[in-house]
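Reader: I would like a close look at one part of this model, followed by its wider setting.

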Amino acid sequence: MSTTSQSSTTHAPHVDTVGDAGATPEHEQPWVELGLKEDEYQRIRDILGRRPTSAELAMYSVMWSEHCSYKSSKVHFKHFADNTTDEMREKLLVGIGENAGVVDIGDGWAVTFKVESHNHPSYVEPYQGAATGVGGIVRDIMSMGARPIAVMDPLRFGNLNHPDTQRVLPGVVAGVGGYGNCLGLPNIGGEVVFDDCYQGNPLVNALCVGAMRREDIHLAKASGTGNKVILFGAKTGGDGIGGVSVLASETFEEGGPAKRPAVQVGDPFAEKVLIECCLDLYRAKVVDGIQDLGGAGLSCATSELASNGDGGMQVELDLVPLRDASLRPEEILMSESQERMMAVVEPAKLDEFMAICRRWDVEATVIGEVTDGEHLVITWHGEVIVDVPPRSVAHDGPVYHRPLERPAYLDALQENGTAAFARPTTGDELKADLLTLLASPNLCDKSWVTDQYDRYVLGNTALAMPDDSGVVRVDEETGRGVAVSTDCNGRFAKLDPYAGAQLALAEAYRNVATVGATPLAITDCLNFGSPEDPGVMWQFEQAVKGIAEGCRELGVPVTGGNVSFYNQTGDVAIHPTPVIGVLGVMDDVARRTPSGWKTPGQVIYLLGATRDELDGGEWAHVKHGHLGGRPPRVDLAGEKLLGEILVNASRDGLVDAAHDLSDGGLAVALAEATLRHGVGARVWLEEVCERDGIDAFTVLFSESTARVVVAVPRSEEVRFTDMCTARGQVHARIGVVDDQTDGIDVQGQFGVTLAELGEAHTGTLPAVFGE
Amino acid sequence: MKVGVVTFPGSLDDRDAARAVRAVGGEPVSLWHGDADLRGVDAVILPGGFSYGDYLRCGAIARFAPVMDQLVPAARGGLPVLGICNGFQVLTESHLLPGALIRNDHRKFNCVDTRLRVENAQTAWTSDFEQGQEITVVLKNGEGGFVADERTLDELEGEGRVVFRYVVPEGGRNPNGSYRDIAGITNERGNVVGLMPHPEHCVETGYGPSLDGLPFFTSILKQVVSA
């Protein structure tokens, strides 16, 4: 017995037991400080038929929080259910509600993926916040039975030139890299976006993809009376206990632990070992049910496992290995210490389970077992401190129908479009605007960020940033693999959240198709302001509806995701930012279509029609600091057709390069495709101008959707155009790849050299953050 | 031909190294850090990663792993050993190679496709290259700056033991602050080679920036077969 645990025993004589709770019904409890509403506290009392113990109060308060219970958002998820058809469900092996969704990618392979937010911790402590964001989503993927195979990080920051961005961005990027690199997971994409609205509230979202054989899917459930409940991985410490300190201060007056950080601290090495250990455990088939410990720690893991199972659970909390022996039971239940998992194991397989953990030097402790009762019972040195129906904690939390109201400012905002702004007309003016856009924070080269991530580890990366999607191989024999892209334009969502969410979906869908993959399913990370603001709640409802109905039209199901509310500074909410991750499948990822052209003589086609759609786009943002009007028109039928064209073209070898048109329009896409390998192009715009009834400026900078540029080998040109014509895909020959042209020659307008393009594109981030 | 690939806790590129061995027709053999047993292999690769979390100092703890008790004397006796990235760090910590690897001079992790010049095409791991050949290989590290005292550096240069150098454009600088642009070195016998870049990520069409990693593995295959 160590001296520290002895001293803690001396200091904390009293533990609030179920017996105490029955005997002292009038005892005042700090439910307000724990964030519970009066009716919620009353409901707990009704469920239990007595006041909760302080440990039970801790569990309910954290599990009924917005973060864990989705109490404000849940009612809107009916849109997802209502819009998922049987046909969409066909490929869905596990849907919304589990740790992560799972889709069937063929040949017996299953892929799981999910995106989550870690916004608030990353603002407080950028490095650890971002690092543990990666750690958390990776454990979600692991707990489905999968080997994690890649990560991606959609990141949003305030103004590039604001001093606080200098604090937040380098820390976040180093944290994502520091954790992910050390885990040995390739980081294959994501986003880096700057907007003043994220100044006090950066968005740090993390996505992970994992793969397994179909029969290896594991679920978070505790079944089989007598099966052992095992906590394994890191010891439990006092990190991330935040609000529960109010309970701690109530239960012991003196000698309590010092104030602890509310942000968790990550140890990627411990997680790497845990991954390999889990995979060995799965291979040995010794795991019956498994759950990771993330938000709400043991409170969540025990109640969810028990709730999903068919019996009860008994846990001896004093058996939990501690990093800090002075921790009180309430704190142990709420601790968010990282790198921990919980497994349910048959007694006959216990020895093998423990031997595998020992081989990896992973500490594993039996802390309880599955019972034939219906309650989750937790004891502390023999005294019962929790005795609850687990479902009431994990799944039957409060559900709010929050008021929602279309914001009053929206009409004026939508009427304030870009039509009045002077547009460039001469070639020189167009060129100057292109270079200004290329150097702007959102369109500039992001390698200062992405070069800090290992994109090669595991040896299966077929494409990574800055290509349109990250692509990784799953099956080493056949080359079968997946493509993933995440996207969202919060500016569009601010102008129209329904359309904005669909535009995010459309862009991610298009990016996946652009590399040649067939889109299969989506995950979403819904970043919004306060749900108590009816305007924000209206944006949320609109966005969810937009995604759900958009998914139905595209035929891709939502597999799960995450809601992050309260992203605001004072009364000012961020732009609604529903980040969409789309996953697609390819038979052989070695055949993927990259974004840059290489081969002189290949013909450049623009697919899709261009309308005068500058509102909310990067040209208005960069040149005029303006946000107003209506976002580009959503054309999901157009996206679907375009997707089919791109997938077929890739399969049949009809295109060698393809690049999606989004922020900054055709001009920026041409520049990026040229810069990728330093091979130039000659381009002509007259035919498109005439066909679409627009001027050169609009062709170059409009952000109309459902468009890509492709490079087609001459030998395949007829087959390619025949396919477009037969299927009704709008297409125009707008140029040719030409290594004799230095940069891009837009005929009749301007020429811009590689050096000019490169200088504009690459200098921006190093100028702010150093080489 | 059997090539051992050591897995320490925290090794990351062990599967990639095994794949590269298979790609040239060799048989990869997994070696466990805790077993003092080389399982009769003909050569050994110490792969990239963060062995034991690289806590304390990169490679400093791995050096004391039981498998190293067998590997160090075997390497001194002529067993071909290739240390990639973290493996290179383990080799310097084990004193099989001189010098040390320190934090990149720009203080960031850096993942780039880098140009290397082959300065010594006579080692066990580089005989399939041409002397002076330039290759493109993945580089990814946070602590890849090769340092040594002047005398050691002069000795390495004088004895032709600099195996790879970063190709640095006029007026530019190498990717991690390595002294004299050194990317890889060898021991006196030429059987132990360590380098920061990752040849195992450059062995398959469609994955990685080139196929310039293959000669590392064909070199060792020929060496072992002819030995």
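Which residue follows α1(B), and is its phi positive or negative?

Author: B:Gly25 comes after α1(B), and its phi is positive, near 90 degrees. The model is predicted, so local features are given only at pLDDT of at least 70 and side-chain atom pairs only at pLDDT 80 or more, while totals for chains, interfaces and linings use all residues. Residues are numbered from 1 along each chain as its sequence is written, and chains are lettered from A and ligands numbered from 1 in the order in which they are written.

Helix α1 of chain B covers residues 14-23; helices (H or I, at least four residues) and strands (E, at least two) are DSSP runs numbered from the N terminus. Eight of its ten residues are buried, so the helix is largely enclosed by the rest of the structure. The buried set runs from B:Asp14, B:Arg15 and B:Asp16 through B:Ala17, B:Ala18 and B:Arg19 to B:Ala20 and B:Val21. Their cover includes the strands β1 (2-7), β2 (27-32), β3 (43-46) and β4 (81-84) of chain B, together with α5 (214-226) of chain B; contact here means C-beta atoms, placed from the backbone, within 7 Å.

Around this helix, chain B has five helices and eleven strands. Of its 227 residues, 58% are buried. Its C-alpha atoms fill a box of roughly 50 × 35 × 35 Å along the principal axes. Of the contacts in chain B between residues at least 6 apart in sequence, 76% link residues at least 24 apart.

Chain B also touches chain A: 23 residues of chain A and 24 residues of chain B take part. On the chain A side, α10 (163-183), α12 and β14 (461-463) each give two or more residues. That side holds ten nonpolar, seven polar and six charged residues, where Ala, Val, Leu, Ile, Met, Phe, Trp, Tyr, Cys and Pro count as nonpolar, Asp, Glu, Lys and Arg as charged, and the others, Gly among them, as polar.

Within chain A, the assignment (automatic or from a database) gives domain 1 (3-69 + 219-394), domain 2 (82-217 + 467-570) and domain 3 (418-444 + 593-771). The C-alpha centres of domain 1 and domain 2 of chain A are 28 Å apart, and their contact takes 22 residues from domain 1 and 27 residues from domain 2. On the domain 1 side, α12 (268-283) and β8 (289-292) of chain A give two or more residues, and α12(A) has the largest share, eight residues. This side divides into twelve nonpolar, five polar and five charged residues.

Chain A also holds an open, mixed sheet of seven strands, ordered β23-β25-β22-β26-β24-β27-β28, with pairing taken as at least two DSSP bridges between strands. Its edge strands are β23 (657-660) and β28 (750-752) of chain A.

Conventions:
Contact = placed C-beta atoms within 7 Å. Buried ≥ 20, exposed ≤ 12 C-beta atoms within 10 Å, placed from the backbone.
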